[in-house]
Amino acid sequence: MTATPDSAIPHAFENRVIEPLYAEILRRNQGEKEFHQAVREVLETLGPVLAQRPEFVDARIIERITEPERQLIFRVPWSDDSGDIHVNRGFRVEFSSSLGPYKGGLRFHPSVNLGIVKFLGFEQIFKNALTGMPIGGGKGGSDFDPKGRSDAEIMRFCQSFMTELHRHLGEYTDVPAGDIGVGGREIGYLFGQYKRITNRFESGVLTGKGLGWGGALVRTEATGYGCVLFTAEMLRSRGESLDGQRIAVSGSGNVAIYAIEKAQQLGATVVTCSDSDGYVVDEKGIDLALLKEIKEAGRGRVAEYAERRAEAVFVPGTGVWNVPCDVALPCATQNELHEADALTLVRNGVKAVAEGANMPTTPEAVRVLHEAGVAFAPGKAANAGGVATSALEMQQNASRDSWTFSHTEERLAEIMRHIHDSCYTTAERYGRPGNYVVGANIAGFELVADAMLAQGLI
């Protein structure tokens, strides 16, 4: 739902400066409700920094940062195994290169449209800035649905997609990675076509590669691991740890699986996972080996988990947030946790919510969590571990080096602590202690805005 002006921006300065900016953004980007929501969520928090630093207003930083540097939309024709021709639409939004080359994933899913790609790319600007790594923000993808397609069909689609996109990529220009629907298989096909067209083994042009040809250890685990590490830091700031906590996780893809893995390593009990058909409750704790076998090896559904494990119950439809928990980790997709879900979580005693997915919590739900005093970590902070480890992969590619799992995981843990501390101290500095949304938005914004001022009007 597109946000409308309300009490979320209460002060005269915000009303005078930010409301007209937001109205103009709505006018220029009609019908892009996810993008509107992402921009609104950031603008609601920037009043204090804009009031203290009028040079950002004078330089029209908001107008510039909400307008992508480049938006690419292109046709992707391909043929299936029967020889029938299909035409999909490809996207790449190169949003901001103030801190480094555009960096962000590719999503292959029927729901992909320009508004979703712009929301993801806008979030990526601040997420990447928070990592402290020299990377800008971008995002891309296609409305292609890989579900049910053969490897040969996916290869042909990826080759067609890269044939158009390759001219806009480069290790110092734009470096995509994977996202929903784009895993190691797809990255391999995309990289192979890039190499074929350019006649260069430019390993730093894509991240999430296979370990034998330029990939980095921990990249597969990084987003889920990072989300849990950030959650542990939030709890630590409140005098608690993850050990012994009961956790509800939504999703059963890469992020969810490795969030479950790291949470279990830190002593927590994860009792749920889900997919679009429904969710599983396993009071003894999710059997991760079984879940990986079903989802990663067999590409099956979570209902099969309950069929194969007597302790588990499968519940069709949505509703994973009805399950009582101490910590909730939404790791599926955008806008999956609504106001009613947040009220249920609060009623059941949730202590912390951290977004493993991108913007999975609606603004109304975030407001409920904040008002109840629940520690809430937005995705741009909590799920930044994936892109941070992509940047570490780029470092290894640039130096023709490879690091051990333990060294890379240690670097990831350092980055997540840095992100947490940056969000925490920034929120305190601007009079909103404990508000990680304010801290993340302002900390990321200041880094990008300062760079934009330094680089002139471009």
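Modeller: Asp-151 is partly exposed, with a relative accessible area of 44%. This is a predicted model, where local features need pLDDT of at least 70, side-chain atom pairs count only at pLDDT 80 or more, and totals for chains, interfaces and linings use all residues. Residues are numbered from 1 along each chain as its sequence is written, and side-chain values use heavy atoms, leaving out hydrogens and water.

Biologist: Why is Asp-151 called partly exposed?

Modeller: Buried means under 20% relative accessible area and exposed means over 50%, with partly exposed in between (1.4 Å probe, protein chains only). Asp-151 has 44%, so the label is partly exposed.

Biologist: What makes Arg-185 and Asp-151 a salt bridge?

Modeller: The rule asks for a side-chain nitrogen of Lys or Arg within 4 Å of a carboxyl oxygen of Asp or Glu. Here N to O is 2.7 Å, so the pair counts. Arg-185 is in helix H8 (residues 184–198) and Asp-151 in helix H7 (residues 151–165), 34 residues apart. Helices are DSSP runs (H or I, at least four residues), numbered from the N terminus.

Biologist: How do you know that Arg-53 forms a salt bridge with Asp-450?

Modeller: Their closest N and O atoms are 2.8 Å apart, so the pair meets the rule. The pair links distant parts of the chain, 397 residues apart.

Biologist: Why is Arg-53 called partly exposed?

Modeller: Its relative accessible area is 22%, so Arg-53 falls in the middle class. Asp-450, at 33%, is partly exposed too.

Biologist: How many salt bridges does this rule give?

Modeller: The count comes to 36.

Terms used:
Helices (H or I, at least four residues) and strands (E, at least two) are DSSP runs, numbered from the N terminus.
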